[in-house]
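Hello,

Here is the structure I promised to pass on to you.

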Amino acid sequence: EQLVLELFQAVEAGGNWTPFFASLTGAMDLETCTIILRAPSPGDLGELCSYGTNIALEDIYRNIEYRDDPFRGIDAGTPCSLDDVISAATLKSGSFYKRLLEPDGTTDILALNVSAGGGPTAYIRLTRRQPENPFGVLEKSLMSRLLPYFETAFRLREQRRQLLLERSAHIGALDQLAFGLVIIDEAGRIVRVNETAQRLLASSSLLRAEQGRLCGGGAGARLETAVAAMHHAEEGERQFLRLTNPQTGEYLQMLLRPISPAGPRAPKEPCGVAVFLND
């Protein structure tokens, strides 16, 4: 249970792999742990998370493509040790052994490739420097038991990564809009204000952001009523609101529309609100 908890904590945004690696090292009597989330390729050092590794050898691995890597092409979901995929004589005659394993004193590797459900395959590599203690059935059994959790964790990580990429692109586009946009969540809290809206809020006496909420000066009640109505509006509904200051002639035009969730929405479930601003 502790391993699984630490695994999911590690794949959170900004997560730390060290607790998971430390627990796995203790449970399996390992020297090093490496998870390759994006394989190195020419011009790309890849994305590796490691524990107990020799940094110099890790840099060599990142910069050289080893066509004699004995675990190239193994099926996802099946734990394999060196004895499962290559003979000792063949292994020791290749550059993978001479450049990486021999300098590190590595005597065995337990490998597991994990499919991330449409995302890139993740590669788990565990090593020992124990000639009399090769990986066996118990270690492979533990990795097989952990496989469903690896698959789920890496799939969630990939989904989150893609959402963050999309979000970054959307935010960039929102900031280029000629009109202001304020996005309000189901509880009435502001979650996003584009650059145009920031300028309007800073210069207007009719509208302001206060304690994370959109407030409408003397027309605050009208604005609150309009936002509350949009929280429970149907897809496609719109509401137009105009805030004015008769003394100065200042005005703001506002168009409010609901932001429905991606999935089905319960009858009384509130939704987010998009507020478009124009002066």
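This is a predicted model: local features need pLDDT of at least 70, side-chain atom pairs count only at pLDDT 80 or more; totals for chains, interfaces and linings use all residues.

Five strands make up an open sheet of 5 strands, in the order β7-β6-β12-β11-β10, and their pairing is antiparallel. At the edges sit β7 and β10 (residues 239–245), each of which pairs on one side only. On average, neighbouring strands here are turned by 20 degrees against each other, if direction is ignored.

At one end of that order, β6 and β7 run antiparallel and are joined by 3 bridges. If you want a residue pair to look up, V182 has V193 in β7 as its bridge partner.

Now for the helix. α8 packs on this sheet, where it touches β6, β7, β11 and β12, and the direction of α8 makes about 95 degrees with that of β6.

Which residues of α8 are buried? In this helix, which spans residues 195–203, they are T196, A197, L200 and L201. Viewed down the helix axis, these buried residues fall within an arc of 130 degrees, so they line one face of α8. R199, A202 and S203, on the other side of the helix, are exposed.

What covers the buried residues of α8? The cover includes strands β6 (180–184), β7 (190–193), β11 (250–259) and β12 (272–278), along with β8 (208–210) and β9 (213–215).

Best wishes

Conventions:
Residues are numbered from 1 along each chain as its sequence is written. Side-chain values use heavy atoms; hydrogens and water are left out. Buried means under 20% relative accessible area, exposed over 50%, partly exposed in between (1.4 Å probe, protein chains only). Helices (H or I, at least four residues) and strands (E, at least two) are DSSP runs, numbered from the N terminus. The arc is that of the directions from the helix axis to the C-beta atoms. Contact means heavy atoms within 4.5 Å. Two strands pair if DSSP finds at least two bridges between them. Axes are lines fitted to C-alpha atoms, for helices over the stretch in contact, and angles run from 0 to 180 degrees between N-to-C directions.
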